[in-house]
Amino acid sequence: MTESIPKTAIEAVLFDADGVLQTVSAGVRDNLAQLLPPGDDDVDGFIEELFKVERPALADGSDVIPSFSALLRRRGSNADPGVILSILNSIVVHSEMLGVVDRLRESGIKCYLASNQQRHRAKYMSETLGYRERFDRQFYSCWVGDAKPSRAYFEQVLAAIDLPPDRVLFLDDQEDNVAGARELGIHASVFQLHRGVDNRRVLVRLLRSYGLRVDQVIRRR
(Lines give C-alpha, C1' and ligand atoms only; values in the text may rest on other atoms or scores of the structure.)
Protein backbone atom coordinates (compact mmCIF):
# COMPACT_ATOMS: atom_id res chain seq x y z
CA MET A 1 0.00 0.00 0.00
CA THR A 2 1.30 3.46 -0.87
CA GLU A 3 0.18 6.94 0.01
CA SER A 4 -0.67 9.73 -2.38
CA ILE A 5 2.09 12.07 -3.50
CA PRO A 6 3.17 14.08 -0.42
CA LYS A 7 2.30 17.77 -0.27
CA THR A 8 5.89 18.45 0.82
CA ALA A 9 8.80 17.22 -1.27
CA ILE A 10 10.60 14.10 -0.12
CA GLU A 11 14.22 14.95 0.68
CA ALA A 12 15.46 11.62 2.03
CA VAL A 13 14.73 7.91 1.67
CA LEU A 14 15.38 5.32 4.38
CA PHE A 15 16.03 1.84 2.97
CA ASP A 16 15.76 -1.40 4.89
CA ALA A 17 18.40 -3.95 3.84
CA ASP A 18 17.23 -7.58 4.04
CA GLY A 19 14.37 -8.20 1.66
CA VAL A 20 14.73 -4.77 0.06
CA LEU A 21 18.34 -4.43 -1.13
CA GLN A 22 19.72 -7.86 -0.32
CA THR A 23 18.74 -11.46 0.38
CA VAL A 24 20.49 -14.38 2.03
CA SER A 25 22.06 -17.01 -0.19
CA ALA A 26 20.08 -20.13 -1.00
CA GLY A 27 22.42 -22.38 1.00
CA VAL A 28 22.04 -20.70 4.39
CA ARG A 29 19.54 -23.21 5.78
CA ASP A 30 21.60 -26.23 4.71
CA ASN A 31 24.77 -24.70 6.10
CA LEU A 32 23.14 -24.04 9.47
CA ALA A 33 21.84 -27.62 9.49
CA GLN A 34 25.44 -28.85 9.27
CA LEU A 35 26.13 -27.33 12.70
CA LEU A 36 23.68 -29.65 14.44
CA PRO A 37 24.93 -32.93 15.93
CA PRO A 38 24.05 -36.26 14.27
CA GLY A 39 20.44 -37.20 14.88
CA ASP A 40 19.22 -33.64 15.41
CA ASP A 41 17.02 -32.91 12.42
CA ASP A 42 15.12 -29.98 13.95
CA VAL A 43 16.66 -27.41 11.63
CA ASP A 44 13.66 -25.06 11.70
CA GLY A 45 13.60 -25.10 15.49
CA PHE A 46 17.32 -24.36 15.58
CA ILE A 47 16.94 -21.40 13.22
CA GLU A 48 14.00 -20.08 15.25
CA GLU A 49 16.11 -20.26 18.42
CA LEU A 50 19.01 -18.65 16.61
CA PHE A 51 17.04 -15.56 15.69
CA LYS A 52 15.49 -15.45 19.17
CA VAL A 53 18.86 -15.32 20.94
CA GLU A 54 20.14 -12.82 18.37
CA ARG A 55 17.26 -10.40 18.93
CA PRO A 56 18.56 -8.57 22.06
CA ALA A 57 21.86 -7.81 20.28
CA LEU A 58 19.99 -6.04 17.50
CA ALA A 59 19.02 -3.28 19.91
CA ASP A 60 21.70 -3.17 22.59
CA GLY A 61 24.77 -3.71 20.42
CA SER A 62 26.07 -6.55 22.59
CA ASP A 63 28.26 -9.33 21.22
CA VAL A 64 26.05 -12.13 19.97
CA ILE A 65 28.83 -14.75 19.98
CA PRO A 66 28.25 -15.86 23.62
CA SER A 67 24.55 -16.34 22.89
CA PHE A 68 25.32 -18.38 19.78
CA SER A 69 27.82 -20.44 21.74
CA ALA A 70 25.28 -21.17 24.48
CA LEU A 71 22.69 -22.17 21.89
CA LEU A 72 25.08 -24.63 20.24
CA ARG A 73 25.91 -26.18 23.61
CA ARG A 74 22.21 -26.60 24.41
CA ARG A 75 21.81 -28.42 21.12
CA GLY A 76 24.80 -30.65 21.85
CA SER A 77 26.93 -29.14 19.10
CA ASN A 78 30.68 -28.52 19.29
CA ALA A 79 30.63 -26.17 16.29
CA ASP A 80 32.45 -22.85 16.41
CA PRO A 81 29.85 -20.07 16.96
CA GLY A 82 31.87 -17.89 14.62
CA VAL A 83 30.76 -20.15 11.80
CA ILE A 84 27.20 -18.94 12.37
CA LEU A 85 28.36 -15.39 11.68
CA SER A 86 29.97 -16.47 8.42
CA ILE A 87 26.80 -18.24 7.36
CA LEU A 88 24.60 -15.24 8.23
CA ASN A 89 26.96 -13.08 6.18
CA SER A 90 26.19 -15.11 3.06
CA ILE A 91 24.40 -12.15 1.52
CA VAL A 92 23.30 -11.68 -2.06
CA VAL A 93 23.37 -7.97 -2.90
CA HIS A 94 20.88 -6.93 -5.57
CA SER A 95 22.96 -4.49 -7.57
CA GLU A 96 19.96 -3.17 -9.48
CA MET A 97 18.49 -1.95 -6.20
CA LEU A 98 21.71 -0.19 -5.24
CA GLY A 99 21.71 1.34 -8.70
CA VAL A 100 18.43 3.05 -7.83
CA VAL A 101 20.03 4.32 -4.62
CA ASP A 102 22.89 5.75 -6.67
CA ARG A 103 20.46 7.51 -9.01
CA LEU A 104 18.52 9.01 -6.11
CA ARG A 105 21.71 10.37 -4.56
CA GLU A 106 22.77 11.84 -7.90
CA SER A 107 19.47 13.67 -8.03
CA GLY A 108 20.12 15.27 -4.64
CA ILE A 109 17.99 12.93 -2.53
CA LYS A 110 19.69 11.74 0.65
CA CYS A 111 19.68 7.95 1.03
CA TYR A 112 20.12 6.20 4.35
CA LEU A 113 20.30 2.56 5.37
CA ALA A 114 17.84 1.71 8.16
CA SER A 115 18.36 -1.91 9.16
CA ASN A 116 18.02 -4.12 12.23
CA GLN A 117 21.40 -5.86 12.58
CA GLN A 118 23.72 -7.20 15.25
CA ARG A 119 27.12 -5.60 15.29
CA HIS A 120 29.10 -8.31 13.47
CA ARG A 121 26.75 -8.37 10.49
CA ALA A 122 26.50 -4.58 10.50
CA LYS A 123 30.29 -4.31 10.25
CA TYR A 124 30.34 -6.82 7.41
CA MET A 125 27.63 -4.98 5.51
CA SER A 126 29.21 -1.58 6.08
CA GLU A 127 32.81 -2.46 5.27
CA THR A 128 32.89 -5.64 3.17
CA LEU A 129 29.74 -4.99 1.17
CA GLY A 130 30.67 -1.32 0.92
CA TYR A 131 27.43 0.18 2.16
CA ARG A 132 29.26 2.99 3.91
CA GLU A 133 30.15 4.35 0.49
CA ARG A 134 26.75 3.69 -1.08
CA PHE A 135 24.68 5.58 1.49
CA ASP A 136 24.82 9.04 3.03
CA ARG A 137 24.63 7.40 6.44
CA GLN A 138 23.87 4.00 7.97
CA PHE A 139 21.46 3.45 10.85
CA TYR A 140 22.00 -0.10 12.04
CA SER A 141 19.87 -0.82 15.08
CA CYS A 142 22.90 -2.00 17.06
CA TRP A 143 24.49 1.41 16.46
CA VAL A 144 21.33 3.38 17.18
CA GLY A 145 20.58 1.51 20.42
CA ASP A 146 17.00 0.68 19.47
CA ALA A 147 15.46 -1.58 16.85
CA LYS A 148 12.61 -1.12 14.40
CA PRO A 149 9.69 -0.79 14.79
CA SER A 150 10.22 1.07 18.06
CA ARG A 151 9.33 4.74 18.15
CA ALA A 152 12.73 5.49 19.72
CA TYR A 153 14.54 4.08 16.69
CA PHE A 154 12.77 6.35 14.22
CA GLU A 155 12.99 9.37 16.54
CA GLN A 156 16.77 8.99 16.72
CA VAL A 157 17.07 8.61 12.96
CA LEU A 158 14.99 11.73 12.34
CA ALA A 159 17.08 13.69 14.83
CA ALA A 160 20.30 12.54 13.17
CA ILE A 161 19.26 13.48 9.63
CA ASP A 162 17.63 16.71 10.87
CA LEU A 163 14.52 16.48 8.73
CA PRO A 164 10.81 16.62 9.61
CA PRO A 165 9.03 13.27 9.14
CA ASP A 166 6.89 14.51 6.25
CA ARG A 167 10.03 14.97 4.14
CA VAL A 168 11.21 11.40 4.66
CA LEU A 169 10.21 8.16 2.91
CA PHE A 170 10.87 4.75 4.50
CA LEU A 171 10.83 1.43 2.60
CA ASP A 172 10.81 -1.90 4.41
CA ASP A 173 9.65 -5.46 3.70
CA GLN A 174 7.89 -5.77 7.07
CA GLU A 175 4.49 -4.19 7.64
CA ASP A 176 5.09 -3.67 11.38
CA ASN A 177 8.20 -1.60 10.67
CA VAL A 178 6.30 0.47 8.12
CA ALA A 179 3.51 1.01 10.62
CA GLY A 180 6.03 2.14 13.25
CA ALA A 181 7.43 4.76 10.89
CA ARG A 182 3.99 6.02 9.93
CA GLU A 183 3.12 6.59 13.58
CA LEU A 184 5.70 9.38 13.59
CA GLY A 185 4.42 10.89 10.36
CA ILE A 186 7.10 9.39 8.12
CA HIS A 187 5.89 8.43 4.65
CA ALA A 188 6.36 4.68 4.48
CA SER A 189 5.55 1.75 2.24
CA VAL A 190 6.16 -1.98 2.07
CA PHE A 191 8.60 -3.08 -0.62
CA GLN A 192 9.85 -6.64 -0.93
CA LEU A 193 12.15 -8.35 -3.41
CA HIS A 194 10.48 -11.18 -5.35
CA ARG A 195 11.89 -13.81 -7.66
CA GLY A 196 10.89 -13.61 -11.29
CA VAL A 197 9.93 -9.95 -11.01
CA ASP A 198 11.60 -6.83 -12.39
CA ASN A 199 12.22 -5.50 -8.88
CA ARG A 200 13.95 -2.38 -10.12
CA ARG A 201 10.91 -1.38 -12.15
CA VAL A 202 8.62 -2.00 -9.20
CA LEU A 203 10.84 0.13 -6.96
CA VAL A 204 11.08 2.97 -9.49
CA ARG A 205 7.29 2.93 -9.86
CA LEU A 206 6.88 3.08 -6.09
CA LEU A 207 9.30 5.99 -5.77
CA ARG A 208 7.48 7.78 -8.56
CA SER A 209 4.25 7.50 -6.57
CA TYR A 210 5.94 9.64 -3.93
CA GLY A 211 7.10 12.24 -6.43
CA LEU A 212 10.62 10.85 -6.92
CA ARG A 213 11.33 10.34 -10.63
CA VAL A 214 14.48 8.24 -10.70
CA ASP A 215 14.14 7.54 -14.42
CA GLN A 216 14.71 11.21 -15.27
CA VAL A 217 17.99 11.60 -13.41
CA ILE A 218 20.97 12.56 -15.55
CA ARG A 219 24.22 11.12 -14.25
CA ARG A 220 27.02 13.51 -13.35
CA ARG A 221 29.97 13.37 -15.72
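Tutor: Welcome! Five strands make up an open sheet, in the order S5-S4-S1-S6-S7, and their pairing is parallel. Strands are DSSP runs of E with at least two residues, helices are runs of H or I with at least four, and both are numbered from the N terminus. This is a predicted model, where local features need pLDDT of at least 70 and side-chain atom pairs pLDDT 80 or more, while totals for chains, interfaces and linings use all residues. Residues are numbered from 1 along each chain as its sequence is written, and side-chain values use heavy atoms, leaving out hydrogens and water.

Student: What makes S5 and S7 edge strands?

Tutor: Strand S5 (137–140) and strand S7 (187–190) each have a single partner strand, so one side of each lacks a neighbour in the sheet. From one strand to the next, the twist averages 20 degrees.

Student: How do you know that S1 and S6 pair?

Tutor: Pairing requires that DSSP finds at least two bridges between two strands. Four bridges join S1 (residues 12–15) to S6 (residues 168–172), so these strands qualify as a pair.

Student: Why are Lys110 and Asp136 called a salt bridge?

Tutor: A salt bridge needs a side-chain nitrogen of Lys or Arg within 4 Å of a carboxyl oxygen of Asp or Glu. Here the N to O distance is 3.8 Å, so the pair meets the definition. Lys110 lies in strand S4 (residues 110–115) and Asp136 in the loop between helix H7 (131–134) and S5, so the pair ties together parts 26 residues apart in sequence. In total, the structure holds 16 salt bridges.

Student: Why does Lys110 count as partly exposed?

Tutor: Buried means under 20% relative accessible area and exposed over 50%, with partly exposed in between (1.4 Å probe, protein chains only). Lys110 has 40% relative accessibility, so it counts as partly exposed. Asp136, at 30%, is partly exposed as well.

Student: What makes Glu133 exposed, and how is its salt-bridge partner Arg132 classed?

Tutor: The side chains of Arg132 and Glu133 meet at 3.2 Å, N to O. Glu133 has 53% relative accessibility, so it counts as exposed. Arg132, at 46%, counts as partly exposed.

Student: How do you know that Ser141 is buried?

Tutor: Ser141 has a relative accessibility of 0%, so it counts as buried. This residue lies in helix H8 (residues 141–144). Leaving aside residues up to four places away in sequence, Ser141 touches residues including Leu58, Asn116 and Tyr153, where contact means heavy atoms within 4.5 Å.

Student: Why is the aromatic pair of Tyr112 and Phe139 called tilted?

Tutor: Rings of Phe, Tyr and Trp (its six-membered ring) pair if their centres lie within 6.5 Å; planes under 30 degrees apart are stacked, over 60 edge-to-face, and the rest tilted. Tyr112 and Phe139 have centres 5.8 Å apart and planes at 55 degrees, so they form a tilted pair. Tyr112 lies in strand S4 and Phe139 in strand S5, so the pair ties together parts 27 residues apart in sequence. Both residues, Tyr112 and Phe139, are buried.

Student: And what makes Tyr131 and Phe135 edge-to-face?

Tutor: Their centres are 5.8 Å apart and their planes stand at 85 degrees, so edge-to-face is the label. Tyr131 and Phe135 are both buried, and together with Phe15 they form one aromatic cluster.

Key: Axes are lines fitted to C-alpha atoms, for helices over the stretch in contact, and angles run from 0 to 180 degrees between N-to-C directions.
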